[in-house]
Amino acid sequence: MRLRAAPLADPFYYLANARTLVGWVLDHHGELLLDGEKAQLAAWLGAGREARALLVRMVMRKGEHFRLSRLRYPEIGDPSPAAEELLSLGLVQGGASISVAALTDQLTLAELDACFAEAFAGAGLARAAKGAKRDWLQARPEYAVSRPFADWWPASQDRLLSLACKPLFERLRLMFFGNLRQDWSEFVLTELGNQRYETVAFTPESRTFRFRAEVDQYLLLHRLRERLEQGEAPATLLDALPARPDNDWLAARQDKLLFALARTAERAGDRDGAERAYRQSRHPEARLRLARGLERRGDHGDAFALVQAGLAQPRDEAELQGLQRLYRRLYKKVGAPAPVSVTEAAIPTRTLTLPASGVRVELAAAEALAGPDAPVYYVENQLFNGLLALLCWEALYAPLPGAFFHPFHAGPADLYRPGFAERRRDLLDACLARLENGSYHAAIMACYRQKRGISCPLLAWPVLSEPLLERTLSCIPPAHLSAIFTRLLSDLRGHGSGLPDLIQLYPDQGHYRLVEVKGPGDRLQDNQHRWLAFFHRVGIPAEVCQVRWPSPAS
């Protein structure tokens, strides 16, 4: 089943898109829905067009309470008949009790004054702003009890409708997209041509969720994240966390939430809460941040024990680098052996004095370094990530279980998770073998021409012109590309950034060099250090260009 967004010329395009989404979920995840949820969907699918459209309009808007007078859309016309049909089906309800805070969200300032004119006059708030009036109403005990809209404002001729099925439609959106970031607008963007997605075969094994409990766990984690963002105490949210999920994808989401809880607790001065959350999280940065926190508290023994455990099995290069620094700070305090001294090779560096022009320092350096037969391109991380994607496109978009679960994926869901390359080892090896047999140049350019414009998280199409790719592939030896791609694939999240800003090509010589540009007062970041050290080890030409502005005397 290949999904397409409805044409925007159809005024009910959003209704057609919603029907497509619902149909997809029923076809592929129907057994994960309760009988009551299926009954609600059947009622919606059997309703009149205007009623179905009105419900989708309400679902697409924020909140769950809507005044009938504000539900006017040209294609629907008078919303009253559609609203009555939805009320009769139980998909929306009338007369729901709402708090005074929710009421103020529904009223304009003039309406709020009309509703509480006497109370505001008595409190001297007749000329106050809406926010001040809202705060005063919330603080008054006589307004503490929720009540229906009509009871709050008997003089109003309007009606308040409340969605009775919003949780269901949120669940459908999650089961379709596999996340709650994407929404109905994805269909619109596709129709407008702003987004194009690779076509990937969808199989039962590709499903995001295998069990209803996994959907419930995702929704719970999402709610906890929302509560954290709304300012709730991390300690309270920690107690509400479920047991670690068996699903690796959900477990990674829980680890990210635990890490966020720990960081928030840390900033709030709750050291015990931060330690508790860090110890539960398997986020790549959790162990290192926990060790640093223990060091700050003076718990040098516990911090050093964590450092030793991490050094024995580091999660990635960034953690290894941080743990090595901690070891050097702690070993004397705990009476441990001194670390083995490793002298890093000096990174080739040149100094370039340029006039301060207001142009980005990388672009100014590129212009200064370029020669008639040696063009310089500002590519930063985009070049090698993009070349990797073009060489390994079929491996990236292989329909492995859990990698793709709807038609609007820019890339595989596990792209930046541990084990990405291992799951595709045979496919990736076949792609990388082109670097050895000489077919890589033609394969990359053919993929570029065929796939150009399709959304891919590793590709910035505007940066990668066809002439740039042709020149690059004629100048960089395949052995260098193989070394860079192998390192990228070992940790796409960690190694996908920090690559040099510029590449200078010497087409006549079949040579190139990479240049990391640093402006006045700027210095190399850790990930940039790691890349430059790697380039030195494997013999890839790379250097640092330190830009200086002219001194006032000159």
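Q: In which helix is Thr472 found?
A: Helices are DSSP runs of H or I with at least four residues, numbered from the N terminus. Thr472 is found in helix H26 (residues 466–475). The model is a predicted one, in which local features need pLDDT of at least 70 and side-chain atom pairs count only at pLDDT 80 or more, while totals for chains, interfaces and linings use all residues. Residues are numbered from 1 along each chain as its sequence is written, and side-chain values use heavy atoms, with hydrogens and water left out.

Q: Does Thr472 count as buried or exposed?
A: Buried means under 20% relative accessible area, exposed means over 50%, and partly exposed lies in between (1.4 Å probe, protein chains only). Thr472 counts as buried because its relative accessibility is 0%.

Q: With which residues is Thr472 in contact, leaving aside its neighbours within four places in sequence?
A: Contact means heavy atoms within 4.5 Å. On that basis, Thr472 is in contact with Leu383, Leu387, Ile503 and Leu505, its neighbours within four places in sequence being left aside.

Q: How many residues has the largest nonpolar core?
A: A nonpolar core is a set of buried Ala, Val, Leu, Ile, Met, Phe, Trp, Tyr and Cys residues joined through side-chain atoms within 4.5 Å. The largest one here has 60 residues, and Leu387, Ile503 and Phe535 are among those with the most contacts inside it. Helix H20 (residues 382–391) gives the most to this core, namely seven residues. Apart from it lies another core, of 51 residues, including Leu33 and Phe176.

Q: At what angle do helix H10 and helix H12 pack?
A: Two packed helices are described by the angle between their axes and the distance between the axes. Axes are lines fitted to C-alpha atoms, for helices over the stretch in contact, and angles run from 0 to 180 degrees between N-to-C directions. Helix H10 (residues 166–177) and helix H12 (residues 212–229) pack at about 105°, with their axes 11 Å apart. H10 and H12 are therefore roughly perpendicular to each other, a term for angles of 65 to 115 degrees. The contact involves residues including Leu174 of H10 and Tyr218 of H12.

Q: Which aromatic pair do Trp44 and Phe169 form?
A: A pair of aromatic rings is described by the distance of the centres and the angle of the planes. Rings of Phe, Tyr and Trp (its six-membered ring) pair if their centres lie within 6.5 Å, and planes over 60 degrees apart count as edge-to-face. Trp44 and Phe169 form an edge-to-face pair, 5.9 Å centre to centre with 85° between the planes. Trp44 lies in helix H2 (residues 35–46) and Phe169 in helix H10, 125 residues apart.

Note on methods
Helix = DSSP H or I, 4+ residues; strand = E, 2+ residues; numbered from the N terminus. Parallel < 35°, antiparallel > 145°, perpendicular 65-115°, else oblique. Phe/Tyr/Trp six-rings, centres within 6.5 Å; stacked < 30°, edge-to-face > 60°.
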